[in-house]
Amino acid sequence: MRFIHTADWHLGRIFYEQYMTADQEYVLGQFLELVDEWRPDAVIIAGDIYDRAIPPAEAVRLLDEVLGQLAARRVSVIAISGNHDSTERIDFGSRLMRAGGVYMYGVARPDTAPVVLHDEAGAVYICPLAFADPMTVRIGFDAPEVCDYATLLAEQVRRFAAQIPAGARSVAVAHGFVAGGSESESERPLSVGGTSQVPWTTFAGFSYTALGHLHRPQSVGAPTVRYSGSLLKYSFSEVTDEKGIECVTLAADGAVSRETVHLRPRYDMRIVEGTFAELMSDAVPVSEDYLLVRLHQPQGVVDGIGRLRKKFPRVLGIEPLETAQLTTSPRPQDIRRADKTELFARFVEEVGGAPMTEAEKAVMTRIWQEVLTEGEQ
Ligand SMILES: [Mn+2]
């Protein structure tokens with residue numbers, strides 16, 4: 001049996017005020033071409049289909065188009081919700097769509113049966129672990145031992161395993177943080193406080209585990225416990241990632257072979273560094289890519305982003321090298337606690353390249369006092 005494993009499409013994502021739907025449509029076009037060439041039996045989408053609970057209309061239209069195209073090709077689709085999705089909205093129409101071979105699992109239920117697909121060697125049990133929070137499952141599944149994500153996924157796995165004949169081939173589809181995986185900046189934490197991590201051994205009984213949540217393609221614990229990674233780069237922490245999809249072949253004996261196929265984005269996401277003059281010189285070629293510019297110079301540039309965009313139309317952000325070096329930059333919690341005049345002095349030093357003089361500090365202190373007094377009136 002052959003299937004494609006993908007995850008974290010984040011349809012409708014907005015990055016630096018830019019809708020990425022056109023970029024997503026572009027790579028999903030390549031994805032459909034790959035489906036035509038490779039002719040898989042199924043496509044598995046391991047959560048975070050949308051970027052948020054109420055996605056923009058274009059994102060809904062794009063998902064409808066892709067699911068319709070897959071169904072027209074008689075390729076089964078098995079998709080689960082992720083922590084960015086609304087479980088109920090992903091669930092909408094799911095019973096009707098099954099007739100078209102599209103299996104959507106938004107809400108985690110205690111009695112969900114595996115999707116059973118067949119090839120010449122027999123049945124393959126695909127187990128969709130829809131995303132849920134531990135407290136909902138603890139009550140909804142009447143499972144008092146569920147107290148965090150590790151026990152929650154173990155409970156979901158246990159219920160599926162009870163429905164799979166011994167020795168049968170099986171695939172888990174889950175959205176979560178498997179311990180040992182490497183994070184990027186575009187994943188939203190699953191829980192505030194407590195642990196959200198799950199040991200990879202939870203999935204040891206499956207022939208393959210199609211994971212979503214971590215946006216960097218990677219295996220965790222075993223080669224068959226795998227994150228396909230996100231459809232596109234969704235933060236500047238992912239510029240060195242090569243995004244793609246996993247083409248997985250499941251042999252008659254359950255052995256897995258897989259190949260990562262990289263998708264070519266409409267515009268790449270990159271970080272470029274140099275002085276303003278260097279970047280604007282002919283030595284640096286014109287680029288349409290999404291860029292974060294790190295300026296190697298202490299002083300700011302008047303309307304730097306506007307001028308850079310004449311040559312690089314998709315500059316999304318610009319930062320002086322000093323703030324780019326995270327070790328010297330204050331962390332957000334330090335900023336909130338810091339004295340305001342001290343913060344301003346740091347800002348002047350970063351932008352101007354030299355500390356404030358005593359005279360400048362005196363002027364700032366006076367202005368700050370005036371602002372505070374006005375605020376009290
Ligand atoms: Mn995600």
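Why is strand β18 (residues 290–295) largely enclosed by the rest of the structure? Five of its six residues are buried, so the rest of the structure largely encloses β18. Here, buried means 20 or more other C-beta atoms within 10 Å of a residue's own, with C-beta atoms placed from the backbone.

This is a predicted model, where local features need pLDDT of at least 70 and side-chain atom pairs count only at pLDDT 80 or more, while totals for chains, interfaces and linings use all residues. Residues are numbered from 1 along each chain as its sequence is written.

**View 1. Strand β18 and its partners.** β17 (residues 269–274) runs parallel to β18, joined by six bridges, and E273 sits opposite R294. Strands are DSSP E runs of at least two residues, helices are H or I runs of at least four, and both are numbered from the N terminus. Strands pair if DSSP finds at least two bridges between them. β18 also pairs with β19 (residues 315–320), again parallel, over five bridges; V293 faces I318 there. Helix α8 (residues 304–311) carries the chain from β18 to β19 in a right-handed β-α-β crossover, that is, clockwise from the first strand over the helix to the second with the strands pointing away from the viewer.

**View 2. The six-strand open sheet.** Pairing is mixed, and the order reads β7-β8-β9-β12-β14-β13. β7 (115–119) and β13 (218–220) are the edge strands with a single partner each, so one side of each has no neighbour in the sheet.

**View 3. A parallel pair, β12 and β14.** Three bridges link β12 (residues 208–212) to β14 (residues 222–227), with T209 opposite V225.

Terms used
A residue is buried if 20 or more other C-beta atoms lie within 10 Å of its own, exposed if 12 or fewer, and partly exposed in between; C-beta atoms are placed from the backbone.
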